[in-house]
Amino acid sequence: MSKAWLATLFTGAGGLLAAAISIGYSLYEQRKADIIPQVEAATPVEAGRWKVSITASAIGAVMPNGARISPGTKAIIVEMMLENISAESSNLYGDLLTLANVPAPSKPQYYLKRDRAILWDLQPRMPEAVAAVWEVPAALALPDVLRLRIEGARFKPRDNLYAAPGWFPADSVAEIVLPLNVVASGTEP
């Protein structure tokens, strides 16, 4: 055997070993990313810019502000404590919650519980009792338990496009399972 042939053999074997390790690590990271931590009701979850503690869910016929829902729909209402833990006021909480087992393409509308008004900007470090509402078709069969995912946000001091600081979407940070109660018309969940 020549030295050149042995060098080629070892180089090829080293390259194959590096490729196998890289593929194995990628598969491990993908599997790890698919695991979303499960949390209990009323457990505070930090999701980057927000801290949220989901307490209840219900199906309602009336919005939290007393208005009727749109004809041909029903409302999924989720109650929570929501806190903005960033340094400035924000209204970018629309992507915070997703319904994992209900097809709901629209973002929820958020309402303040204390004065039943629509939530606009959430001030820093001032936790608020909030209700998130998704309107879904009345004919849609809803599950007995609601699976909610809490989506995270990540702060980057410099983004890739403008080199400016900002909050950017991250992966799901937690999942919570709640019973989906039916609330009588005209009452709050």
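User: Which residues make the nonpolar surface patch?
Analyst: In this predicted model, the nonpolar surface patch is made by Trp5, Leu6, Leu9 and Phe10, and its area is about 420 Å².

User: Switching to pockets, what volume does the largest pocket have?
Analyst: The volume of the largest pocket is about 250 Å³. Its lining is formed by 13 residues, and those closest to the centre are Leu92, Asp95, Gly152, Ala153 and Pro169.

User: Which strands supply at least two residues each of that lining?
Analyst: Strand S8, residues 145-156, and strand S9, residues 166-182, each supply at least two, and the largest share comes from S9, with 4 residues.

User: And what kinds of residues are in the lining of the largest pocket?
Analyst: The lining divides into 9 nonpolar residues, 1 polar residue and 3 charged residues.

User: New topic: where is Lys107?
Analyst: Lys107 is found in the loop that runs between strand S5 (97-99) and strand S6 (109-112).

User: How far apart are Lys107 and Trp134 in space?
Analyst: From C-alpha to C-alpha, Lys107 and Trp134 are 7.0 Å apart, while in sequence they are 27 residues apart.

Technical notes:
Residues numbered from 1 in each chain as written. Predicted model: local features only at pLDDT ≥ 70, side-chain atom pairs only at ≥ 80, totals over all residues. Heavy atoms only, no water. Patch = residues over 30% accessible without salt bridge, like charges linked within 9 Å, V, L, I, M, F, W, Y side chains within 5 Å. Areas by Shrake-Rupley, 256 points an atom, 1.4 Å probe, with all protein chains shown as cover. Salt bridge = Lys/Arg side-chain N within 4 Å of Asp/Glu carboxyl O. 1 Å grid on protein atoms, 1.4 Å probe; cavity = no way out; pocket = protein on both sides within 12 Å on 5 of 7 lines; lining within 4 Å. Points joined across faces, edges and corners; volume = space filled by probe spheres on them. Nonpolar A, V, L, I, M, F, W, Y, C, P; charged D, E, K, R; others polar.
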